[in-house]
Amino acid sequence: MTKQEAENYISDIPRFADKTGPENTERLMKILGNPEKQAKTVHVAGTNGKGSVSRMMSLLLTEAGFKTGLFISPHLVRINERISVQGEDISDDDFGRIFDIVKEASDTLVKEGGSHPAYFEFLFAMGAVYFAEQKCDYVVYETGLGGRLDATNCIEPCMTAITEIGFDHMQYLGDTIEKIAGEKAGIIKKGIPLVYHTGRVSANKVLEHTAREKGCPAFNACWTNIDIKEENKGKIDFSLDTRYYTYDNLVLEAAPRYQTRNAATAVYMFDRLFHGWDVSKKNEIIRKGLERFRMAGRFQYLKENVILDGAHNEDAVNELIDSLRSRYSSFRSLKKKLLFAIASDKDYEKVINEMAFGIRPEKVYITELSSGRRLNKQIAEESFKSKLGDKVTVSCYDVAAEAYKAALAELKDDELLIVTGSLYLAGELLSQEN
């Protein structure tokens, strides 16, 4: 198929295929010749930060001289973003060609009594086939929303990592931190090293218990000392002390402060994976790799006074607010406006509450996502008004692009516009920008 035909088919999968379990994925992979076993793999799960850590780790492996694949979720603008090698997204021609291979295997699976692969499962299979074809040395796989039942959990990694754990996707993962951590802990494999940075003691206990049961060396990256030397207009100069080694002269460009914690996790992973390497050699690899790191939709400046951030749960919103306060010394008195949309399956009341009182916008432009999961704009409007009353002006728009255009038209030079609530909103606006 052409790339567009393939993408249309994949987008339609949720309409006719149910979510499947790991047994179905394993059957599909067997039909494909187990491409997921052709490279060494690194597996990353978590609520927040797993996309950044996955991208950072792939950059470090590439800088170390390994041909490296990266599988991430979700994409922001183009579906090709989910599958990349050496930082290059899969081409449209290769996307269509690899789709045909997985589609044929899917048809065979259904004929043999299996279930048609779900949306994420199908894309994971495409990634695995492409990475094997490209003869990657390493592949970094980011999980979807969970871990234990995730399609990617059929891989046999040489390193696992679990990033910050918070309340998100509770209808699938559970309503306590311990339950959610238990689902994420499902990626921990017998004897395979685990690096974790959950931000919560209760989550750590779950992961540490699982690691002991499975005989895994476990390393808590939150003990890494982060020494920020200088922070200026998004450029952060810092060093990391992992308690094994100290890595100096590190730089993150155009990044909020919380990315230093994700860097600590990725560096800890790299440090442990190649613990026998010369420290100065590793320092140079880490320095060059992190310098190349960019993450669209995460505290991204669209204009001098417009920040785009895909924060969509309570913890991510708090990180956003902390970053804003760190970046702007006069944040409290700064005039702020908010462009907002969120998915209906998020805990939107808590998200809106944090934004209302943490940001205290003077005006809110509310819109809806283009997907079927969108939260009705009137519900969001009522929520903001119930919290801020007459201290906020609210305008509603059917389409994100219209809301953004209106917000820019009214934005003054001494005001800050914060666009947030969903990575899908970020993707819609970035596609307009491009």
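**Second largest pocket.** I looked up the second largest pocket and found about 420 Å³ of space in it. On a 1 Å grid over the protein atoms alone, a pocket is an open set of points where a 1.4 Å probe fits, with protein on both sides within 12 Å along at least five of seven lines. The volume is the space filled by probe spheres set on the points. I note that this is a predicted model, where local features need pLDDT of at least 70, side-chain atom pairs count only at pLDDT 80 or more, and totals for chains, interfaces and linings use all residues. Residues are numbered from 1 along each chain as its sequence is written, and side-chain values use heavy atoms, without hydrogens and water.

I listed 18 lining residues for this pocket, each with an atom within 4 Å of a point. Lys233, Gly234, Ala254, Tyr301 and Arg327 lie nearest the centre. I sorted the lining into nine nonpolar, three polar and six charged residues. Here Ala, Val, Leu, Ile, Met, Phe, Trp, Tyr, Cys and Pro are nonpolar, Asp, Glu, Lys and Arg are charged, and the others, Gly among them, are polar.

**Helices 3 and 9.** I took helices as DSSP runs (H or I, at least four residues) and strands likewise (E, at least two), numbered from the N terminus. The axes of helix 3 (residues 50-63) and helix 9 (residues 259-273) come within 9 Å and cross at roughly 45°. Axes are lines fitted to C-alpha atoms over the stretch in contact, and angles run from 0 to 180 degrees between N-to-C directions. Helix 3 and helix 9 are therefore oblique. Angles under 35 degrees count as roughly parallel, over 145 as roughly antiparallel, 65 to 115 as roughly perpendicular and the rest as oblique. On the helix 3 side I found the contact made by Ser52, Val53, Met56, Met57, Leu60 and Leu61; contact means heavy atoms within 4.5 Å. The contact has 11 nonpolar, four polar and no charged residues.

**Helices 9 and 10.** I then checked helix 10 (residues 279-291), which packs on helix 9 at about 145°, with the axes 11 Å apart. Ala263, Val267, Phe270 and Asp271 of helix 9 meet Lys282, Ile285, Ile286 and Leu290 of helix 10. I counted six nonpolar, no polar and two charged residues there.

**Helices 11 and 12.** Helix 11 (residues 314-327) and helix 12 (residues 348-359) have axes that come within 9 Å and cross at roughly 15°. That makes the two roughly parallel. I see Glu314 and Arg325 among the helix 11 contacts, and Lys350 and Glu354 among those of helix 12. This contact divides into five nonpolar, two polar and four charged residues.

**Backbone.** Most residues other than glycine have a negative phi, and most peptide bonds are trans. I found a cis peptide bond between serine 73 and proline 74, with omega about -5°. Proline 74 sits in the loop between strand 2 (68-71) and strand 3 (83-85). I also noted asparagine 249, with a positive phi near 55°. Asparagine 249 is in strand 11 (residues 246-252).
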